[in-house]
Amino acid sequence: MSSLIVPPVLTTPRDDAILLHKAFKGFGCDKPAVINILAHRDSTQRAYINHEYRTMYSEDLNHRLSSELSGNIKKALLLWTHDPPTRDATIVREALTGPNIIDLRAATEVICSRTSTQIMQFKQVYFALFGSYLEHDIEVQASGDHKNLLLSYVATPRYEGLDFDRFMVDKDAKALYKAGERKLGTDEKKFIEIFSGRSSAHLNAVSAAYQNMYGSSLKKAVKKETSGLFEHGLVTILQCAEHPGRYFAKVLHKAMKGLGTDDSTLLRVIVSRAEIDLQYIKAEYQKKYGKSLGDAVRSETSGNYKDFLLALIGPSH
């Protein structure tokens with residue numbers, strides 16, 4: 001279910017394409033007009049606008065946006081114009097192969113927070129766009145247990161319903177305890193098998209069972225037994241199974257905490273969750289940090305970039 005609040009659109013995609021073309025004409029680009037149109041259109045509407053723009057002006061809208069904009073507003077708007085699978089494929093490809101820095105944390109966050117259906121869709125787009133298999137790029141860039149987790153996670157189909165088997169849940173909780181806290185060293189293979197092969201509902205139940213059986217949280221066990229990018233992947237899978245809204249509220253808070261802002265994380269999360277669960281993330285952010293997400297973004301960003309992010313976030317109440 002989309003969480004983006006889209007007001008009733010009184011213009012057709014053709015009208016929007018004409019208005020965008022008008023905003024690009026003349027000296028400089030009318031960025032507020034571009035933001036006003038695109039930030040308030042959902043994925044389907046944006047695809048129609050793209051089609052109309054190409055038909056009327058024999059030009060790709062993304063290419064035009066790319067030549068008219070720069071900096072963070074350019075990055076955010078170009079990600080936003082994509083449909084979700086293309087966006088995920090683009091983020092992960094850039095994180096795994098550059099052209100700037102390799103960002104395995106970002107690639108891990110996107111992969112480990114998506115459902116198997118979402119992964120299957122963006123894997124197809126990934127190959128179609130870049131002529132390379134996602135698994136190949138993971139194989140080249142990642143290593144060790146982290147690589148094995150990602151490869152297993154993108155290859156394993158997982159059930160996406162709410163049902164789970166209580167007997168299997170208890171069995172997995174015991175297996176994880178045996179593979180981690182109970183033994184000297186860690187059986188990473190067991191963690192990978194369970195975290196990449198079970199549904200979110202099942203893993204959520206395993207987490208609760210683990211707490212009941214051993215009096216400590218599964219997340220703490222993961223943090224104690226693993227480290228680095230492997231830990232980051234496991235924690236992302238676990239927290240997105242338990243409560244994705246809370247997980248992404250934390251990610252956003254961390255991106256804006258302290259000196260400077262991690263803009264690539266900020267724009268990646270807001271743009272990619274806007275049509276999934278941004279309203280839940282906003283509620284969790286307010287609850288956990290006593291400040292609205294909109295206010296936090298307002299104080300950390302500026303100009304058209306700020307206006308665009310705030311348009312996606314929507315009102316605080």
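At what angle do the axes of H8 and helix H9 cross? Hello everyone, let's start there. The two axes, H8 and H9 (residues 134-141), come within 9 Å and cross at roughly 85°. That makes H8 roughly perpendicular to H9.

A few ground rules before going on. This is a predicted model, where local features need pLDDT of at least 70 and side-chain atom pairs count only at pLDDT 80 or more, while totals for chains, interfaces and linings use all residues. Residues are numbered from 1 along each chain as its sequence is written, and side-chain values use heavy atoms, with hydrogens and water left out.

Now some terms. Helices (H or I, at least four residues) are DSSP runs, as are strands (E, at least two), numbered from the N terminus. Axes are lines fitted to C-alpha atoms, for helices over the stretch in contact, with angles from 0 to 180 degrees between N-to-C directions. Under 35 degrees counts as roughly parallel, over 145 as roughly antiparallel, 65 to 115 as roughly perpendicular, and the rest as oblique.

Back to our pair. Phe 122, Lys 123 and Tyr 126 of H8 meet Leu 134, Glu 135 and Asp 137 of H9, where contact means heavy atoms within 4.5 Å. By class, that is three nonpolar, no polar and three charged residues. Here Ala, Val, Leu, Ile, Met, Phe, Trp, Tyr, Cys and Pro count as nonpolar, Asp, Glu, Lys and Arg as charged, and the others, Gly among them, as polar.

Next, H11 (residues 166-179) and H12 (residues 188-197): their axes come within 9 Å and cross at roughly 150°. That makes H11 roughly antiparallel to H12. On the H11 side, the contact uses Asp 172, Ala 175, Leu 176 and Ala 179, and on the H12 side Lys 190, Phe 191, Ile 194 and Phe 195. Six of these residues are nonpolar, none polar and two charged.

What about H15 and H16? Their axes come within 6 Å and cross at roughly 130°, so these two helices are oblique to each other. His 232, Thr 236, Gln 239, Cys 240 and Glu 242 in H15 meet Pro 244, Tyr 247, Phe 248 and Lys 250 in H16.

Those two helices bring us to the pockets. On a 1 Å grid over the protein atoms alone, a cavity is a set of points where a 1.4 Å probe fits but cannot get out, and a pocket is an open set with protein on both sides within 12 Å along at least five of seven lines; lining residues have an atom within 4 Å of a point.

The largest pocket is lined by 32 residues, with Thr 115, Ser 200, Cys 240, Pro 244 and Arg 273 nearest its centre. H8 (116-130), H13 (200-214), H15 (228-242) and H16 (244-256) each supply at least two lining residues, and H13 gives the most, with four. The lining has 14 nonpolar, twelve polar and six charged residues.

The second largest pocket has 19 lining residues, and Lys 75, Leu 79, Glu 94, Asn 100 and Ser 264 are the closest to its centre. Its lining divides into seven nonpolar, seven polar and five charged residues.
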